[in-house]
Amino acid sequence: MTSTSTIDGVKEALAAKKVSARELLADFYKRIEAKNPELNAYLTLTPERARRQADRIDGLIAEGQPLPPLAGVPVAIKDVISTRDTKTTCGSKILENYIPPYDATAVERLEAAGAVILGKTNCDEFAMGSSNENSAYGPVKNPLALDRVPGGSSGGSAAVVAAGLAVASLGTDTGGSIRQPGSFCGIPAMMGSYGRVSRYGLIAFASSLDRIGPFATRVRDVAAILQTIAGRDPHDSTSTTAPVPDYAAELAKPLKRPRLGIPKEYFAEGMDPGVRKKIEAGIALFRKLGCELVDIRMPHTDYAIAAYYIIATAEASSNLARYDGVRYGLRIPDDSLLAMYRKTRGAGFGPEVKRRIVLGTYVLSAGYYDAYYLKGQKVRALIAQDFRDAFTKVDAILTPTSPVPPFKLGERTSDPLQMYLADIYTVTGSLAGVPGISVPCGRIDSKLPVGLQLFGPPFGEARVLQLAHAFEQAGGAEL
Amino acid sequence: MKISREDVLRVAELAYLDLSEAELETYRAQIDEILEYIGKLNELDTTNVEPMAQVLAEDQSADATLREDLIVPCAVAEDVLAHAPDPEPPYFRVPKVIER
């Protein structure tokens with residue numbers, strides 16, 4: 001069988017009638033059945049829905065009809081994204097039995113483009129975490145090193161693609177939750193600009209930061225998925241009317257000596273020496289590709305984690321107020337309404353979510369709002385200004401995705417602040433609203449993957465994808 | 001110390017969140033450490049900085065985000081109620097809140 005780990009591979013196999021969409025689906029489910037018990041990456045499978053879609057594609061092939069761009073491509077969806085009639089738990093006990101009555105726009109668009117949805121993937125509870133260890137349904141294991149975390153919060157979505165249990169997947173990124181697990185699992189992963197992809201049907205964590213984006217085995221496929229889900233959606237007023245370029249056409253264009261900014265602040269202390277070595281090799285490869293490398297300064301980088309954890313927790317405390325046991329999800333009954341709220345939330349949320357609700361409520365509370373929340377928003381403005389200044393000098397910014405390679409399961413769970421600090425390279429772009437991709441940049445000791453991150457200006461996805469694609473084609477993953 | 005046990009209790013009350021004694025002390029200590037770290041923001045003079053509440057693309061005009069107020073059918077009430085913890089169609093039932 002030809003390689004069906006890429007969109008083109010699936011397309012060719014189906015067109016040449018080497019396999020039917022239905023057979024391909026069965027292959028994937030067989031592999032899932034074999035590997036998922038160990039990885040814990042899928043929480044729910046959707047075989048009936050997948051078969052209906054595969055049969056529709058096989059019908060089109062039988063009739064000799066033109067095929068949609070993602071015809072028969074098996075994909076997975078992070079469990080914070082709503083799927084009609086399929087459980088959507090957010091990795092939380094409070095939504096253990098929640099069944100959304102509608103599909104998220106991104107899911108609807110994938111299916112309309114012919115993709116086959118295999119199931120829902122594990123994640124940190126309400127997307128809060130950097131290791132997937134905050135899921136109420138147990139951690140996901142990194143398919144490249146089973147004793148290590150896959151990253152988070154979209155750990156399941158990264159793991160299923162890395163393990164060959166889906167061709168592509170959707171994750172969500174609030175402070176790095178797509179890019180960091182992409183880095184940890186050795187695959188490309190992208191968050192588009194804030195407003196690029198509709199969030200209708202995404203269960204909210206921090207609304208000024210949350211974004212939906214793709215994982216795939218190569219940059220070309222990341223671009224194809226983004227192409228499908230991007231663009232204005234009347235159901236989401238934060239989705240923009242900015243035109244969506246033809247990303248595949250942009251990838252084919254030669255690089256025109258782009259200027260890549262290397263921000264000094266991202267290469268300060270605290271970076272694992274193995275990561276540093278690989279990123280330096282990545283920089284050398286970009287130079288070989290004809291890029292001009294420019295030293296830049298982004299002076300507020302060191303304040304990003306502090307600003308991020310004020311803003312993200314404040315928004316989370318507000319968004320998560322809806323889980324009160326009245327309309328959906330868990331209810332712990334009590335004779336008093338307020339006691340019912342308190343008990344339901346106390347029993348339904350896990351430790352990281354409770355910690356963030358307490359912190360977020362605190363920074364918004366009377367007497368502390370100015371000192372924390374308003375201060376955080378002001379520092380956010382300074383960080384966004386760092387990016388605007390940088391993009392007057394360079395076309396894209398190059399950084400590591402994570403200061404550390406995938407760490408061991410259980411190694412960092414006892415110290416939340418240390419876990420937060422590891423988000424240092426990703427939260428900046430989240431706060432600024434710019435697009436970012438993580439692309440594989442070699443493996444430490446031929447084992448632990450390193451991710452290289454590229455930021456572009458708002459709605460500069462095409463440039464970011466083009467650079468990442470050129471890097472990948474030049475052997476970036478084998479550095 | 002940035003945050004006291006009483007602060008955590010007050011905030012948990014605002015957030016309608018039951019916390020056990022053990023949780024209370026664990027979160028207090030952890031959040032105290034986080035707030036200590038967050039204190040580094042005070043190194044920055046932000047007197048003349050406008051707070052950034054939202055990322056809005058500069059090309060995003062009001063007519064791109066505001067639509068006409070049209071009535072469209074939305075027949076999901078039954079589906080929504082079907083998964084409620086205690087439905088009494090067309091209502092959600094909750095414990096009594098008004099004393100007679």
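**Entry 1: terms and strand E11 of chain A**

I count a residue as buried if 20 or more other C-beta atoms lie within 10 Å of its own, as exposed if 12 or fewer do, and as partly exposed in between, with C-beta atoms placed from the backbone. Helices (H or I, at least four residues) and strands (E, at least two) are taken as DSSP runs and numbered from the N terminus. I note that this is a predicted model, in which local features need pLDDT of at least 70 and side-chain atom pairs count only at pLDDT 80 or more, while totals for chains, interfaces and linings use all residues. Residues are numbered from 1 along each chain as its sequence is written, and chains are lettered from A and ligands numbered from 1 in the order in which they are written.

I looked up strand E11 (residues 448–455) of chain A and found it mostly covered, with eight of its eight residues buried. On one side lie A:Leu448, A:Val450, A:Leu452 and A:Leu454, on the other A:Pro449, A:Gly451, A:Gln453 and A:Phe455, and all of these are buried, which leaves both faces of E11(A) covered.

For its partners I use the rule that two strands pair if DSSP finds at least two bridges between them. Strand E10 (residues 436–444) of chain A runs antiparallel to E11(A) and is joined to it by seven bridges, with A:Leu448 in E11(A) as the bridge partner of A:Ile444. Strand E9 (residues 396–400) of chain A is also antiparallel to E11(A), through four bridges, and here A:Ile397 has A:Phe455 as its partner. In the hairpin of E10(A) and E11(A), three residues stand between the strands, and A:Asp445 takes a positive phi near 50 degrees.

I then noted two cis peptide bonds, one from A:Gly152 to A:Ser153 with omega near 10 degrees, and one joining B:Pro89 and B:Pro90 with omega about 0 degrees. A:Ser153 is in the loop between strand E3 (116–121) and helix H5 (155–162) of chain A, and B:Pro90 is in the loop between strand E1 (87–88) and strand E2 (91–92) of chain B.

I took the domain bounds, which come from an automatic or database domain assignment, as domain 1 (7–248) and domain 2 (252–305 + 371–478) of chain A. Counting two residues as in contact if their C-beta atoms, placed from the backbone, lie within 7 Å, I find 41 residues of domain 1 of chain A in contact with 38 residues of domain 2 of chain A.

A nonpolar core is a set of buried Ala, Val, Leu, Ile, Met, Phe, Trp, Tyr and Cys residues joined through C-beta atoms within 7 Å. The largest one has 160 residues, and A:Val75 and A:Ala307 are among those with the most contacts inside it. H10(A) gives the largest share of this core, eleven residues. Why does this core lie between domain 1 and domain 2 of chain A? Both domains give residues to it, so it lies between them.

I looked at H10(A) itself: 14 of its 16 residues are buried, so this helix is largely enclosed by the rest of the structure.

**Entry 4**

Chain B comes to four helices and two strands, in the order α-α-α-α-β-β along the sequence, and buried residues make up 17% of its 100 residues. At the interface, 57 residues of chain A are in contact with 47 residues of chain B. On the chain A side, H13(A) supplies the largest share, ten residues.
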